[in-house]
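These are my notebook entries on a structure that I looked up residue by residue.

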Amino acid sequence: MLFNCHESPVTARRSIMSPTAPTPEMASLSLQGAAPKGTAKRDALVATELEVQALWEREKAFESNPLYDAKGEKTDKFIVTFPYPYSNGNLHLGHAFSLTKAVFRAQFERNRGKNSLFPFAFHCTGMPIQAAANKLKSEMELFGTPPKFPEEDPEIRAQMEAAIAAAAKAKAEKDAVQGGKKGGKTKLVQKTGTGIVRQWNILKRMVPEDEIPRFADPVYWLMYFPPLGVEHMKRFGAGVDWRRAFITTAVNGYYDAFIRWQFNVLREKKKVLFGKRNNVYSILDGQVCADHDRSEGEGVGPQEYVLIKLKVLAPDHGQDRHAKMDALLKRVENEGKKGVFLVPATLRPETMYGQTNCFVLPTGEYGAYYIDATDEVFIMSARSARGLSCQAYNAASDIYFTKEFGKIECLETFSGDELLGLPLKAPNATYEKVYTLPLLTISMGKGTGVVTSVPSDAPDDYVALKALKDKPDFAAKYGITPDMVDPFEVVPIISIEGYGDASAVFMCEKLGITSFNDKVKLAQAKDETYLKGFTSGVMTVGPYAGKKVSEAKPLIKEEMIAANQAHLYFEPESKVVSRTNDECVVASTDQWYLAYGEESWCEAVKKHVLDSDKFNAYDSTALEKYDQTLDWLKEWACTRQFGLGTYLPWDKDWVIESLSDSTIYMSYYTISHYLQGENNLNGDESKSPEKIKVEDLTDDVFNFIFRKGFTIPANCSIPSETLQKMRDEFRYWYPMDLRVSAKDLIPNHLTMALYNHAAIWEDEPELWPKGYYTNGHIMVDAEKMSKSKGNFLMMLETIENYSADATRFACADAGDTLDDANFSRDTANTAIVSLSNEAAWIKEVLLGSEKSNLRSEGELNFMDKVLRNETNRLINATETCFETMQFREGLQKGWFEMMIARNEYRSWCQDSGITMHEGIVRKWAESLIILICPICPHWAETLWKDLGKEGLAVKAPWPVAGEEDKLLTKQAKFLRDSLKNFRASAGKAKKGWKTATILVAEDYPQWKTEALLWMQSKYNNAFPDTFMTDLKDWSTTSVSDKKQVKSVMQFVSFMKKEVEDVGEMGMDIKCPFDQLAILKESKAYIQSQLGIEEVGVCSVDDPEPSVPDKTSQNVTPGKPFLWIR
């Protein structure tokens, strides 16, 4: 909804935004409600923004160069960076929201007088662009140019959509039956509404159709989208030094050389190693699938399991369903293979001594897969067999489970029912023979679909086994005979203090769990028994009896593997899907990797991050996440075999992946304007400002620029003076003061950047990052952004709909925590009116016809002083908010509360028949302009010029604030609160009552005086931690009227908060200011606000009028009472 310049804002917002007199309800600070229709005000803001942006370009407002004082010392600087966005499309509101945190802070520091730098770039490394280009090329080859897709025929489209919907429904039903996630729509259907996605159609929404064929070349994406990103950022007023901008990949030779140098240094420091490692892997893509290569599962890593080999014995119950297994066992025997095994995947190999049976899902689908490395047959799900085929049986000897990587031979298929009732030989088990039993809660999407049962320490196992024992009909339904379950009792194997030697049994009885449908209780029991078992449990059986579980576990695991009773197996912690729509596995591959997690490297980073003097995370929860990430982030595959990027300098078969070429590029910003310069994103040598050639950027050159202890290289074609300038500039801007990002980069990019800074500048920790700020994601109108919901907003679209400043205003109001924020379109709409109306009021009062009505001489009255004091208070409060990245709160202080202060002043003057003071209003207006400048710089710049101020608003100093007069703040609050109470009293007055008197008290009742004196005795610049306990003791022993104890405690608790707000004066026995004087000076204002013709003001102790005792009890110092009669 947009606005017409002839219409006023809604009444509910009048007190904040309208230049007319405010309504009484002027305490609200949030933007709500509808706004008028039309676009005139929006259009005027946009037109002004374009003019301001042209001014900034002419003045090079955001180009920042090193500055030094007369002594040659560098001036205060502030460099803030933001993760460069991936350039496979246009920037959207999610980018804009996170971006504002960096933009706001950079401008705030600029206004604070610091030499502020905000550089920007565009990321093109990795698979997404390459995959999209390949898909487009395939579409054109199959369907022509422009393509004629089959779904353009309505009948065919209906058939395709029906097929997709049916497949999604079938998958959902299957997942539900197999214990997986429930839900009727795939991620694709949820995003598109149909599931039919064509790359041509995606591009058609962003680029002219006749240009789409050129995007079959991945390099064309790099030429097209980054320049658009620059334009959209300029329209946003992002305040970027564009001389320093660039794109990544080998297309940009300068950046390519920088990344090659970085990796050579990492290799020199033994941080890049080579070997077989288990990584999340796409078989379809033929390479490791890192976070930025995924459409689902970002942040998911490999999970290690142990496959326990339960040997299948000859079926011994004559059940027909075992015919296929009989045949398989004979075939295996005839071919000389070493047996058939059910292979459950477990995280707890130490519990195998307590096995009583094995579980499968009766409706599950299983296969018998031949394992070349062991000459055995494993029974497992097809999904897990696919993963196992990519893993090493013996990495040291380069032996995989199967002969051919990624392929495994299936000898037979089985339903879960066909596996039930099979006798098994379980390693380490007490029982010679156990049986396969049904478990209906098994998920075929995790592990192998086979679960070994240890009812002593696994609550699920205990409940399932007990159900089969207690319910013969249930067991019979699945062909399970009594002899398969009844002889098998719980086997105690681990003793836990307080839980006994069968913790699962203890927890199930404690929580009253009787069915595997008690999912919540079972989850609680499982978490508690597993945690206690590992941390406090002691083995009671086997060769490690007496050892703690945490010590015995790795020993038992290694022994079982060495005895060929078990194997390691890996799979992703949760589902991972590549951008080519392939469900990923974990694969053991030859790989260059960064040795994250290496003890000394990790310890150095952790020491830096956890030192609040060196690193600011701005949020304790975020800091915990860095600490946790440093604990689990280990070896990281840093190369791929295809995709866009920089080739590994010593092994050109590999390309450096996207999370590894983006860890220290913040340092490249400090010199990129020497190498590339403005309008040269792709690094065209002919445009280099210093005429530097890529071939001259040797490792020796970069070592001199970025590392200490290196001299200017001999025979270098780059002038020594230029090299020295680049070195000096790097050391001027570094360390990076702040990096801003969404929270999802904490487990990867942000932590990796810390690691890499700690490696490259190992001997200069003072150059490591000083602070990271992270925020949640953005919702639109309290809903997740989604194309199908129509609330997926692009950055440029939002600017065009609301203007840049109103968009930024709504982003500031959206929130600053790690929780998801909310961009309200109503807020953006209403901000248009607010900004427009406030600009009009300021110009009318200080420049227009109202200027002649302002006072400029004489003593300041009470409200003049109040507005001046409020302005000082809010300048300081806004500064505190902005420097702690609390922009929403800063907006409240620097805009909304400034409006309220002005509105109260304006209304007081108008109702009192007194003109406003020019100096006071001008100070307020000029302060407001700079306070809002970080958030709405175009608006601020325009008003700054209109008021005749010199220079640019974006370069103007932060307003000078005198010290807040807390007594005056208290006086203003006294008047504000009193008026609020008076309104409430007037509203309750009986019809016909016409006489009104404000009664004022100078003294407290005796019991309150005594309470205040006691508070004074406990106060020494602050109250002690024991204050509330002391209060309880004092009030129960010293207050003579025991019925008054509760009132005393309530009064003291209230006054304690008052003291914490205003200081020691809050405990004064008498009111610290002249209440009568304030009320009498404000009498006309009060009368007007209450709509009462005449209001008297007097002390409650005055002989006339005679005040009834019941009324006088309502009056205390600082709390006058409106007596209406």
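Predicted model: local features only at pLDDT ≥ 70, side-chain atom pairs only at ≥ 80, totals over all residues.

**Entry 1: Charges over rings**

Arg727 lies over the face of Phe704, and I noted a distance of 5.1 Å from the ring centre. I then looked up Arg808, which lies over the face of Phe236 at 5.7 Å from the ring centre.

**Entry 2: Aromatic pairs**

I next searched the whole structure for aromatic pairs, and the search finds 69. I examined the pair of Phe258 and Phe706, which is edge-to-face, with 5.7 Å centre to centre and 65 degrees between the planes. Phe258 belongs to helix H9 (residues 253–268) and Phe706 to helix H21 (residues 699–706). The two are 448 residues apart, and I recorded the pair as a link between distant parts of the chain. I checked burial for both partners: Phe258 is buried, and Phe706 is buried as well.

I then took up Phe809 and Phe896, which also form an edge-to-face pair, at 5.9 Å centre to centre and 85 degrees between the planes. Because Phe809 lies in helix H25 and Phe896 in helix H28, this pair ties together parts that are 87 residues apart in sequence. I found Phe809 buried, and Phe896 likewise.

**Entry 3: The contact of H25 with H28**

I followed that pair to its two helices. The axes of H25 (residues 804–814) and H28 (residues 887–912) come within 6 Å and cross at roughly 120 degrees. On the H25 side I listed Phe809, Ala812, Asp813 and Ala814. On the H28 side they meet Phe887, Arg888, Leu891, Gln892, Trp895 and Phe896. By class, I recorded seven nonpolar, one polar and two charged residues in this contact.

**Entry 4: Helix H20**

How many residues of helix H20 (residues 665–675) are buried? I found eleven of the eleven buried, so the helix is largely enclosed by the rest of the structure. The buried residues include Tyr665, Tyr668, Tyr669 and Tyr674, as well as His673 and Leu675.

I then asked which elements the buried residues of H20 pack against. I listed strand E1 (77–81), H9, H21, helix H22 (720–733), strand E27 (738–742) and helix H23 (746–760).

How values were computed. Residues numbered from 1 in each chain as written. Heavy atoms only, no water. Axes fitted to C-alpha atoms, helices over the stretch in contact; angles between N-to-C directions. Helix = DSSP H or I, 4+ residues; strand = E, 2+ residues; numbered from the N terminus. Contact = heavy atoms within 4.5 Å. Nonpolar A, V, L, I, M, F, W, Y, C, P; charged D, E, K, R; others polar. Phe/Tyr/Trp six-rings, centres within 6.5 Å; stacked < 30°, edge-to-face > 60°. Buried < 20%, exposed > 50% of the residue type's maximum accessible area, 1.4 Å probe, protein only. Lys NZ or Arg CZ within 6 Å of the ring centre and 35° of its normal.
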